[in-house]
Structure formats: structure tokens, C-alpha cells
Amino acid sequence: MLECELCNVKLKNPLMLAAGIMGSNASSLNWILRSGAGAVISKSFSKDANPGYHNPTTVEVTGGILNAIGLSSPGVEVFKDELKQVEPSTNQASIASIYGATPEEFSYVATEVEDLVNMIELNVSCPHAMEGYGASIGEDPVLTSKVVSAVCESVDIPVIVKLTPNVTDISVIAKSAEEAGADCLSLINSLGPGMKIDIVTGKPILKNKFGGMSGPAIKPIAVKCVYDVYDAVNIPVIGVGGISNYEDVVEFLYAGASAVQIGTSIMNEGVEVFSNISKDLEVFMDEHNFNSIAEMVGCGHKN
């Protein structure tokens, strides 16, 4: 009942590990797969090593967390060794999240890992990346198009583009990615950037001063973005942002998502969140006479 298909890749369920949470090594990714996820996405990595920002890199705020990891990366050569050890079973997928500053960097990393994963996700949306990376690309439809086109011309596996909500009209960016060859879109990346200040010291708590907001507070924004983009493109959409239970998943599916990514809630719910949501989602589907995930996608658009 929960089985679905995304870009011709079969998944046991529509629940995916979001990039950035427990995705730094094969051990954690395999743990998530064993815990019932349909797919796992690595932490974003790049061509060359990048130390990222100094601690503190995360802080809890009302409704979620702020994080400024700074796209820390061991470099593609090191991360390839981790990807080789990821072992998805039948109807599970392994996905590499990659980033760079130029189309050439994205393309290079993509070709290096193409044979090790089922799909590639392009991070053009991190709101706290260094200048020239992340959202500075994804906020511009022309730059987005150039990156997507370069990668799609270089690899033969599905390419997912992760979009930022920090734009005037996310549908414009979505359409530019689709026209450049993207096979799928995931939205949204963390919101912001935002800041929290220590009222005793008077200083920002994060070492980088500001970071991206994730967690339940951003879910309504994410759902609206999925709803809008579903109407604007003809490729699958993956919903991301504040998902912690089956009701959240249903809401994203109704908005138009074909699958969802789960991240921040793992910090509170544990890895059991995947199996718990799967069980509850199956009960909901049975009670509401849904025979497949596909039947639920886009229900919120019907009159």
C-alpha cells in the first residue's frame, strides 16, 4: 500500500531522510534504512574539503532549530568511501546531496558519485552557505538553470533540485530547474536565515551569528510552496519541512508531494519516526479507502 515510485525508482514508502541529519557517514545512513525509510539522502558534500563553521552551530528556538553548519564537507573523494558502504535493500534508495560554487563543480562531483547512488540532489538553497554557494545560486533562475543543465548533461541518473523558499516566487525557480532538465524538485530547504541572541551576553548564540530555520514552525510555508509548485511544473515534487507525524505527511501529499523528507523531528522522535509514521499512514489510508500513495498526491487541488 505504501509503495511508490519516484523518477522510476521504486520506494517501499514515501518517507526519505532529509539531507543534513544523520547523513555524514554510511553507518548512520544504513541505520536509517534499517529503521524503515524508503530512501536516505547524504549530508551535502562538495568537490573539496570544507571545515564549515565553528561551534555552536545549532540552537533551539520556538518551533524548531536554527543551524549554521556551514556546509562542512570532507570532499568528494572521502565521501565516496562512505557511499560505497551504504546498502539500501529492495525498494530503497540512496541519494547524494551535493553542492558547489559553479556548474563545473556540481558536474564534477555528480559524475564522481553517479555509480554509487540511485539519484543526486543539488543543494542550491542553503541559507547560511558561504558567498557564492547555496541560496545565492537558488535565488537566481539563470544560475539555477546553468547548474541544473550542467549536471543533467553529465549524468544518467535522476537529478533532484532542492529549492529555497527565500524568493519572491518559488514557481519561477521551479520552472527554470524543470526546463534545464531536472527530474524532480524538493522543497523547501531551511527558512531564513534567522538569529537568536543571548540576553545575558548580548551576543548572537550561533558562531556564524545567523542560521537556517527548520522544524514544525516552517511546515505551513513548505506546504504552500509545494502546493504552488505542483501546479507550475510537470515533474514530481518532494515535500520537506517540519514533518513529524502521519498527518503532516498526508498534508504534503494532498498539496502535491509525491514523497517527503524528514529531518529535524528525528532529534525528538528518534529514528523510530519512520516506522511509526509508516504504520499510522497505512491505517489512515485504509480508513479513507486509499489504495496507493499516488491516489493521494494532489488531492488538495481537486474541487
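1. Cys7 is buried, with a relative accessible area of 19%. The cut-off for buried is under 20%, so Cys7 falls within that class. The model is a predicted one, and the backbone at Cys7 deserves a look: phi there is positive, about 55 degrees, although Cys7 is not a glycine. Cys7 sits in the loop that runs between β1 (4–6) and β2 (9–11).

2. Met22 is another non-glycine residue with a positive phi, near 55 degrees. Its loop lies between β3 (15–17) and α1 (26–34). Met22 counts as partly exposed, at 25% relative accessibility.

3. Two cis peptide bonds can be noted. One joins Asn55 and Pro56, with omega about -5 degrees; Pro56 is in the loop between β4 (39–41) and β5 (58–61). Another joins Gly192 and Pro193, with omega about 10 degrees. Pro193 is part of strand β11.

4. The loop between β11 (191–194) and β12 (211–214) holds Ile197. Together with Met195 and Phe210, Ile197 makes a nonpolar surface patch of about 270 Å². Ile197 itself is partly exposed, its relative accessible area being 46%. Thr201 also has its place in the loop between β11 and β12, and at 49% relative accessibility Thr201 counts as partly exposed. From C-alpha to C-alpha, Thr201 and Ser27 are 39 Å apart in space, and they are 174 residues apart in sequence.

5. The largest nonpolar core has 103 residues, and Leu122, Leu185 and Leu187 have the most contacts inside it. Helix α10 (residues 273–287) gives the largest share of this core, 6 residues. Leaving aside residues up to four places away in sequence, Leu122 touches Ile98, Phe106, Val147, Val148, Val151, Val159, Ile160, Val161 and Lys162.

6. Ser278 is in helix α10 and is buried, with a relative accessible area of 10%. What does Ser278 touch, not counting residues up to four places away in sequence? The contacts are Leu2, Asn13, Leu15 and Gly36.

7. Which residues of helix α3 (residues 103–113) are buried? They are Phe106, Ser107, Val109, Ala110 and Val113. These residues are on the same side of α3 because they cover an arc of only 165 degrees around the axis. In an α-helix there are 3.6 residues a turn, so residues three or four places apart point the same way. The cover over the buried residues of α3 includes α2 (76–83), β7 (93–98), β8 (119–123), α4 (135–138) and α5 (141–152).

8. Helix α6 (residues 170–179) is mostly covered, with 7 of its 10 residues buried. The buried residues are Ile170, Ser171, Ile173, Ala174, Ser176, Ala177 and Glu178. They pack against α4, α5, β9 (159–162), β10 (184–187) and α7 (219–232).

9. The structure holds 6 salt bridges. In one of them the side chains of Glu77 and Lys80 meet at 3.5 Å, N to O. Both residues belong to helix α2 and are 3 residues apart, about one turn of the helix. Glu77 is partly exposed, at a relative accessible area of 45%, whereas Lys80 is buried, at 15%.

10. Lys80 also meets the side chain of Glu112 in a salt bridge, 2.8 Å from N to O. Glu112 lies in helix α3 and Lys80 in helix α2, so this pair ties together parts that are 32 residues apart in sequence. Glu112 counts as partly exposed, at 25% relative accessibility.

11. A further salt bridge is formed by the side chains of Asp248 and Lys219, at 2.8 Å, N to O. This pair links distant parts of the chain, with Asp248 in helix α8 (residues 246–255) and Lys219 in helix α7, 29 residues apart. Are Asp248 and Lys219 buried or exposed? Both are buried. As for Glu77, Lys80 and Glu112, salt bridges that share partners join them into one network.

Definitions and conventions. Residues numbered from 1 in each chain as written. Predicted model: local features only at pLDDT ≥ 70, side-chain atom pairs only at ≥ 80, totals over all residues. Heavy atoms only, no water. Buried < 20%, exposed > 50% of the residue type's maximum accessible area, 1.4 Å probe, protein only. Helix = DSSP H or I, 4+ residues; strand = E, 2+ residues; numbered from the N terminus. Arc of directions from axis to C-beta. Contact = heavy atoms within 4.5 Å. Core = buried A, V, L, I, M, F, W, Y, C linked by side-chain atoms within 4.5 Å. Patch = residues over 30% accessible without salt bridge, like charges linked within 9 Å, V, L, I, M, F, W, Y side chains within 5 Å. Areas by Shrake-Rupley, 256 points an atom, 1.4 Å probe, with all protein chains shown as cover. Salt bridge = Lys/Arg side-chain N within 4 Å of Asp/Glu carboxyl O.
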